[in-house]
Amino acid sequence: KEGSTVNIYSLKDYKFRGKFGREGEGPKEFKHLAEIIPHPDRLQLNSMNKVSFFTKDGRFIKETKIINGYRFYPLENGFVGRRTITNPDDQLRYITVNLFDHNFRNVKELARMKGAGQDAGKPNVLLRTLAHYTYDNKIFIAAKDGLIIDVYDHTGKLLYPVQKEYKKIKITDKDKDNFRNTIKKRNRAFYEAAKDRWVFPDAFPEIYEFLVADGGAYVLTYKKEGNKREFLVFDVKGKFLKSHMIPLEFKNFFSPYPFTVKNQKMFQLIDSE
């Protein structure tokens with residue numbers, strides 16, 4: 001399946017240079033390929049239940065099977081990733097951000113958030129989701145209410161926050177309809193079972209998504225004007241620099257197509273005929 005194939009292009013002229021990978025569970029294969037993380041000398045590919053490494057021209061290096069962990073990003077002494085755990089005290093499921101060693105063994109929990117869909121009867125939707133990133137051997141985690149991204153060093157010591165006062169964007173009836181239609185397209189049976197039980201908050205969370213790249217922290221909010229979305233730009237020390245309204249394409253109501261920033265330009269990979 002094409003979603004498990006990695007295509008290689010030249011950044012200089014955007015020409016196709018080759019491809020590797022396919023759907024499967026063996027070496028050089030992926031199930032639900034989620035991310036490609038560039039290292040100076042290789043590529044890291046996060047997929048379901050494993051992390052794979054390839055050269056930048058697509059030659060296989062190695063892979064590691066993962067029991068409980070995903071969304072791994074590199075650090076000097078290992079990785080940062082997420083886990084799913086059940087708290088024995090309240091029997092609720094939590095998503096956590098953890099330090100892992102270079103063999104992907106869990107070392108230390110840094111932050112946690114209650115997993116979605118556990119509210120009995122009428123589940124709340126469109127709530128804050130956990131997010132993390134690494135940059136310059138530091139860890140950036142959004143796990144608190146408000147526009148706050150906590151920054152840790154590679155040992156898990158809290159350094160400082162990236163934060164800003166921000167007025168939440170109200171959720172409209174159109175937003176609710178877009179949410180419902182997206183769920184309906186994904187899973188009609190689930191939609192029919194849950195459509196009358198969802199509870200929407202009055203406003204969206206402050207942070208839709210964020211990335212740290214090219215010397216800055218780029219926070220995507222829910223503010224939109226036509227096909228443009230708001231990005232708040234900070235330096236990596238937490239100083240707010242400016243806001244931009246930038247054209248951004250979405251796969252569906254929940255997810256923009258992958259984007260990154262390089263040399264003060266935003267690049268987005270869009271699936272389009």
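Strands β14 (residues 138–142) and β15 (residues 147–152) of this predicted model pair in the antiparallel sense over three bridges, where strands are DSSP runs (E, at least two residues) numbered from the N terminus and two strands pair if DSSP finds at least two bridges between them. Within this pairing, Phe140 has Val151 of β15 as its bridge partner. Both strands belong to an open sheet of four strands with antiparallel pairing, ordered β13-β14-β15-β16. Its edges are formed by β13 (131–135) and β16 (158–164), each of which pairs on one side only. On average, neighbouring strands of this sheet are turned by 20° against each other, direction ignored; the axes behind this value are lines fitted to C-alpha atoms, and angles in general run from 0 to 180 degrees between N-to-C directions.

Strand β19 (residues 228–235) is mostly covered, with six of its eight residues buried (under 20% relative accessible area, using a 1.4 Å probe and protein chains only). Seven bridges link β18 and β19 in the antiparallel sense, and Glu225 has Lys228 of β19 as its bridge partner. The hairpin of β18 and β19 has two residues between the strands, and Gly226 there takes a positive phi near 65°. β19 is also joined by seven bridges to strand β20 (residues 240–247), again running antiparallel. Four residues lie between β19 and β20 in their hairpin, where Gly238 in the turn has a positive phi of about 105°.

The elements giving two or more residues to the lining are α1 (173–186) and β18 (216–225), and α1 gives the most, with four residues; helices are DSSP runs (H or I, at least four residues). By class, the lining has seven nonpolar, six polar and six charged residues (nonpolar: Ala, Val, Leu, Ile, Met, Phe, Trp, Tyr, Cys and Pro; charged: Asp, Glu, Lys and Arg; polar: the others, Gly among them).

Residues are numbered from 1 along each chain as its sequence is written. In this predicted model, local features need pLDDT of at least 70, side-chain atom pairs count only at pLDDT 80 or more, and totals for chains, interfaces and linings use all residues, while side-chain values use heavy atoms, with hydrogens and water left out.

Notes. Buried < 20%, exposed > 50% of the residue type's maximum accessible area, 1.4 Å probe, protein only.
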